[in-house]
Amino acid sequence: MKTISSCLFLLLVVVFTSNSTPFELTEYTIKDGLESNTVTCIYQDRFGFIWIGTIDGLNRFDGTNMYSYRSNLFDTTTINNNRITAIQEDGRDNLWIATQSGINRYNRKRNTFERNILKKLQLW
């Protein structure tokens with residue numbers, strides 16, 4: 001029992017005194033280009049982009065620059081609503097963005113969105 005306690009103590013000393021590399025935490029706000037300080041979802045796609053859904057728009061972060069995507073009622077290639085509820089990617093590299101107004105599919109080649117995609121898909 002004494003040997004087990006000594007080993008456990010030694011293990012704890014090694015763990016707490018080891019030189020682990022600290023990580024840096026950076027805070028991003030609307031001052032940095034974020035559409036809103038109220039974030040609803042975050043997703044990292046297979047290309048490494050960080051997608052940030054907020055209550056007032058969508059952002060894509062590439063590690064250096066913040067890009068904004070906002071709804072425009074007069075431009076059908078924009079996202080259909082600024083209140084983002086979920087972000088997900090499928091096995092075909094489609095990025096799906098859910099908003100209060102429906103589901104959007106992001107077109108990576110054109111940097112545009114197809115709105116309300118579920119209404120257009122045939123389910124049978």
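This is a guided tour of one predicted protein model, stop by stop.

**Before you start**

Residues are numbered from 1 along each chain as its sequence is written. Because the model is predicted, local features need pLDDT of at least 70 and side-chain atom pairs count only at pLDDT 80 or more, while totals for chains, interfaces and linings use all residues; side-chain values use heavy atoms, with hydrogens and water left out.

**Stop 1: the whole chain**

Show the protein chain as a cartoon. It has 2 helices and 8 strands. Both kinds of element are DSSP runs numbered from the N terminus: helices are H or I with at least four residues, strands are E with at least two. Followed from the N terminus, the order of elements is α-β-β-β-β-β-β-β-β-α.

Of the 124 residues, 31% are buried. Buried means under 20% relative accessible area, exposed means over 50%, and partly exposed lies in between (1.4 Å probe, protein chains only).

**Stop 2: the sheet**

Select strands S5 to S8. They form an open sheet of 4 strands in the order S5-S6-S7-S8, with antiparallel pairing. Which strands stand at the edges? Strand S5 (84–89) and strand S8 (112–114) do, each with a single partner strand, so one side of each has no neighbour in the sheet. From one strand to the next, the twist averages 30 degrees. For such angles, axes are lines fitted to C-alpha atoms (for helices over the stretch in contact), and angles run from 0 to 180 degrees between N-to-C directions.

Strands of a sheet pair through backbone hydrogen bonds, either parallel or antiparallel. Here two strands count as paired if DSSP finds at least two bridges between them. Keep S6 (residues 95–99) and S7 (residues 102–107) on screen: this antiparallel pair has 5 bridges. Pick Trp96, and its bridge partner in S7 is Arg105.

**Stop 3: the salt bridges**

Side chains of opposite charge can pair when their charged atoms come close. The structure holds 6 salt bridges; each is a side-chain nitrogen of Lys or Arg within 4 Å of a carboxyl oxygen of Asp or Glu.

Select Arg46 and Asp93. Their closest N and O atoms are 2.4 Å apart in a salt bridge. Arg46 sits in the loop between strand S1 (39–44) and strand S2 (50–54), and Asp93 in the loop between S5 and S6, so the pair ties together parts that are 47 residues apart in sequence. Arg46 is exposed at 56% relative accessibility, whereas Asp93 is partly exposed at 25%.

Next, select Glu89 and Arg108, whose side chains form a salt bridge at 2.8 Å, N to O. Glu89 belongs to strand S5 and Arg108 to the loop between S7 and S8, so this pair ties together parts that are 19 residues apart in sequence. Is Glu89 buried or exposed? Glu89 is buried, with a relative accessible area of 12%. Arg108 is partly exposed at 26% relative accessibility.

Return to Arg105. Its side chain meets that of Glu114 in a salt bridge (2.9 Å, N to O). Glu114, at 29% relative accessibility, is partly exposed, and Arg105 is partly exposed at 23%. Then select Glu35, Asp56 and Arg70, which salt bridges with shared partners join into one network.

**Stop 4: Ser36**

Select Ser36, in the loop between helix H1 (2–17) and S1. Ser36 is buried at 10% relative accessibility. A polar atom of its side chain lies 3.0 Å from the backbone nitrogen of Thr38. Leaving aside neighbours within four places in sequence, Ser36 is in contact (heavy atoms within 4.5 Å) with Ile30, Thr54, Ile55 and Asp56.

**Stop 5: Thr78**

Finish at Thr78, in the loop between strand S4 (66–69) and S5. Thr78 is buried, with a relative accessible area of 13%. Where does its side chain reach at 3.0 Å? The backbone nitrogen of Asn72 is there. The side chain of Thr78 also makes a polar contact with that of Arg115 at 2.7 Å. A polar contact is a pair of N or O atoms within 3.5 Å; within protein, one must be able to donate a hydrogen and the other to accept it, and residues adjacent in sequence count only if both atoms are side-chain atoms. Finally, display Phe113: its C-alpha atom is 5.4 Å from that of Thr78, although the two are 35 residues apart along the chain.
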